[in-house]
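Q: Hi! Could you walk through this one with me, starting with the charged pairs?

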Amino acid sequence: MQQTDYSVLMSVYLKEQALFLRESIESMLSQTIMPKDFVIVCDGPLTEELDTVVSEYEERFPELFQVIRIPENVGLGRALNEGMKHCRCEYIARMDSDDISLPNRMEKQLAVLNGQQVDIVSGTLTEFDEAAPDGTHKRSLPETHEQIRKFARRRNPFNHPCVCYKKTSVIKSGGYEHFEGFEDYYLWVRMLMAGMRGYNLQDTILKMRATGMHGRRGGFRYASSIIKFRLYLLKSGFCSFGDFIYTVTGHVAVSILPNRLRQLFYHRVLRKR
């Protein structure tokens with residue numbers, strides 16, 4: 001029997017924009033297969049504008065929306081762990097509060113989860129901002145589990161903004177744990193090491209707002225996090241010494257570039273048009 005029930009898991013915090021939040025929520029309410037459950041975690045106090053949007057949907061759809069309010073900002077990983085406790089469905093679709101899912105995203109992901117022995121499904125996304133609202137750069141990832149496992153030794157194997165995973169599989173792997181800048185990648189590696197299987201749709205299923213992304217992936221603090229995370233992969237046996245040297249050298253070098261050059265590198269080398 002095909003399982004089509006799923007929860008949406010979203011976290012929102014003070015610096016988000018109300019218009020983007022509304023667009024993000026509406027994109028999930030416009031899916032060809034509607035969610036059965038929508039969990040919004042308010043990670044600390046919100047602006048009045050954000051609160052208004054959250055309260056509006058909570059009042060309009062009281063049986064669908066669950067709003068979880070955390071008194072202080074605890075960060076994305078901890079907020080998602082708290083929200084996951086309240087998700088009613090086995091399948092959980094992650095959704096960021098400023099991205100836009102394409103209407104058939106969940107139909108495609110549910111087809112994979114029902115048709116294959118996998119625990120996590122992601123897909124291709126396009127990056128956009130106000131200067132290029134239609135999106136010109138794609139982040140495509142390896143499709144099969146074997147390809148994903150190999151790719152993960154050097155790069156993040158899933159697009160976190162559009163993953164859909166089994167709740168029990170994530171919990172068995174320990175859930176999100178704090179690792180500054182790498183909470184999602186850290187979870188994927190632990191899931192893969194625990195024997196969980198993944199798949200990446202080659203279709204574009206989400207538009208990701210990339211404004212400010214390249215700035216967040218730069219600086220000496222981020223470079224320090226890169227080294228710590230790569231040391232974890234090496235010590236855990238997930239990657240080889242060669243993988244460690246290759247990724248640390250390249251990733252750190254890119255992180256300390258001026259923001260404009262780093263953005264150019266992402267667009268020309270790491271993304272497809």
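Q: Is Asp51 buried, partly exposed or exposed?
A: This is a predicted model, and in it Asp51 has 25% relative accessibility, so Asp51 counts as partly exposed.

Q: Which residue does Asp51 form a salt bridge with?
A: Asp51 pairs with Arg69, and their closest N and O atoms are 2.8 Å apart. Asp51 sits in helix 2 (residues 48-60) and Arg69 in strand 3 (residues 65-70), so the bridge ties together parts that are 18 residues apart in sequence. Arg69 is partly exposed as well, at 43% relative accessibility.

Q: How many salt bridges does the structure hold?
A: There are 13. One of them joins Lys108 to Asp203, with 3.2 Å between the closest N and O atoms. Lys108 belongs to helix 4 (residues 105-115) and Asp203 to strand 9, so this pair ties together parts 95 residues apart in sequence.

Q: Nice. What about Glu180 and Arg221?
A: Their side chains meet in a salt bridge too, at 2.7 Å from N to O. Glu180 is in the loop between helix 6 and helix 7, while Arg221 is in helix 9 (residues 220-235), 41 residues apart. Arg221 counts as exposed at 62% relative accessibility, whereas Glu180 is partly exposed at 33%.

Q: Changing topic: why is strand 9 described as largely enclosed?
A: Because 9 of the 12 residues of strand 9 (residues 198-209) are buried, the rest of the structure largely encloses it.

Q: And which way do strand 6 and strand 9 run, parallel or antiparallel?
A: Parallel: 8 bridges join strand 6 (residues 120-129) to strand 9. Ile120, for instance, has Gly198 as its bridge partner in strand 9. Strand 5 (residues 100-101) also pairs with strand 9, but in the antiparallel sense, over 2 bridges. There, Ile100 stands opposite Lys207.

Q: Last one: which residues touch the most other members of the largest nonpolar core?
A: Among its 37 residues, they are Tyr6, Leu21, Ile25, Met28, Phe38, Ile40 and Phe65. Another core lies apart from that one, with 21 residues that include Ala79, Leu80, Val163 and Met191.

Conventions
Residues numbered from 1 in each chain as written. Predicted model: local features only at pLDDT ≥ 70, side-chain atom pairs only at ≥ 80, totals over all residues. Heavy atoms only, no water. Buried < 20%, exposed > 50% of the residue type's maximum accessible area, 1.4 Å probe, protein only. Helix = DSSP H or I, 4+ residues; strand = E, 2+ residues; numbered from the N terminus. Pairing = 2+ DSSP bridges. Core = buried A, V, L, I, M, F, W, Y, C linked by side-chain atoms within 4.5 Å. Salt bridge = Lys/Arg side-chain N within 4 Å of Asp/Glu carboxyl O.
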